[in-house]
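Please read the following briefing alongside the sequence and the coordinates.

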Amino acid sequence: MLELSLKEARRIMIGAQLLAGPPPKRPTKQRMLDTIRKLGALQIDSISVVARSHHIVLWSRLGDHPQEWLYELHGKDRAVFEYWAHACAYVPIELFPYFRRAMLEYMDTQGNGWSERTKEWTRENTELIEWLMEYICEHGPVSSSSFDPPEGSARAEAWAWYGNKPTNRALDILWTNGQLMIDRREKFQRWYDLTERVYAAWDDALLPSVEDERLALGERALRAMGVTSARWLPDYFRTDRGVRSIPGSGSRLILDTLVERGIASPATIRGVPGEFVVLNDLLEATIPLSRTTLLSPFDSLVWDRKRALTMFDFPLQLESYTPAAKRRYGYFSLPILYRDQLVGRLDPKAERKTAQFSVRVLHLEPAFVGRDDERFYTALAQTLRDFAVFNVCDPDGIVVDRSDPVEASTRLANALCNVTNPGKARLVQPESI
């Protein structure tokens, strides 16, 4: 059995996630598609204080690129589709067969996988759902704005962040059970159409066996993770939940099969309890650890919070829905990847009307403080400039508000001045946090 150091394991994980070495000088739409295929799932999120999460994930790997490429890959090229992967995500279209079974099981008249509340709502709104399907059959793609709210809807029941119109909920149910697919997005709004029109090449007769599905998704998850355990494997595509749940021993059997086929090798990681497997393709690969970048909190390197804590000693939490007074790290803090470490996080904001980009709070991990030399601040300053440009903001006027430790704000501001026109980057007086 192989024995890896923690640093070696991190290197493989970062390489598998396409976060090693400098980003490409000239990103292309094909490279974007290749990136999504490699990751297996690109989680979608609606928060837009800076570029949306799915665009940040691509920026971390591709650098500055036209955001419309993603929507072309989806709505025009049909190279990706939207479904529940780790969460709501863009998924390569070639993985559709391995998600179809879940859709069909949700479509089951018994409502397998649905909560009792959703089953009851579906039964009570059968006529609405049938009418909606007939309407789409006749009129083509629809969005939530295609229908007016019902009369007296001021007190209508809200349902998550999808809105309070019954048609919105019906659309989401029909998408989850595979009768509808997302045809495209316009200004982030979903447009739904019949599955047979969006993906006309598909035939349910092509549905793979349960065993083939589990093995295919397990291999895809391993290739995207580089290093995993039976404990972590199901979380990548959330094959541990609902109708797609794998029995407790299933993940171990999948990994054993991948080892038997020469795709992976068993390993231990010094200082980390448990048994692991590592992707053979990356064992001898050259993986340069030179990138400094920002990660979305929904990035696939860190979306498994327990794995991020174990492998990077980095506690990660999203505070967007935490009352402002109780936030420690900020509304939408982005982890900072520096070579092979997660060394801190910062809370950014892009004022698009004024092209002003600010860092409201910069936090460095206590273990990194004291090792945060000028090379780090120079690299972070250049990363922030690139990120500001990606957010259509002025890279020469970045504002750093405050930090922990306090002196980090000054050091970052000085680095920004050194990589921009002298004097244009400015610092709000540092405050203790």
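Predicted model: local features only at pLDDT ≥ 70, side-chain atom pairs only at ≥ 80, totals over all residues.

The structure as a whole holds 0 disulfides.

**Nonpolar cores**
- The largest nonpolar core comprises 95 residues, and those with the most contacts inside it are Phe-81, Phe-99 and Phe-237.
- Helix H10, spanning residues 210–225, supplies the largest share of this core, with 6 residues.
- Another core, of 35 residues, lies apart from the largest one and includes Ala-51, Leu-346, Leu-380 and Ile-398.
- In soluble globular proteins, nonpolar side chains tend to be buried together.

- Glu-130 is located in helix H7, which covers residues 126–139, and it counts as partly exposed because its relative accessibility is 47%.
- Between Glu-130 and Arg-345 there are 215 residues of separation in sequence and, from C-alpha to C-alpha, 48 Å in space.

**Confidence**
- The mean pLDDT of the protein is 91, with 90% of its residues reaching 70 or more.
- Over residues 152–163 the pLDDT stays under 50, and for this stretch the model has 16 contacts beyond four places in sequence.
- Residues 422–433 likewise have a pLDDT below 50, and this stretch has 36 contacts in the model beyond near neighbours in sequence.

How values were computed
Residues numbered from 1 in each chain as written. Heavy atoms only, no water. Core = buried A, V, L, I, M, F, W, Y, C linked by side-chain atoms within 4.5 Å. Buried < 20%, exposed > 50% of the residue type's maximum accessible area, 1.4 Å probe, protein only. Helix = DSSP H or I, 4+ residues; strand = E, 2+ residues; numbered from the N terminus. Disulfide = S-S within 2.5 Å. pLDDT = per-residue confidence, 0-100. Contact = heavy atoms within 4.5 Å.
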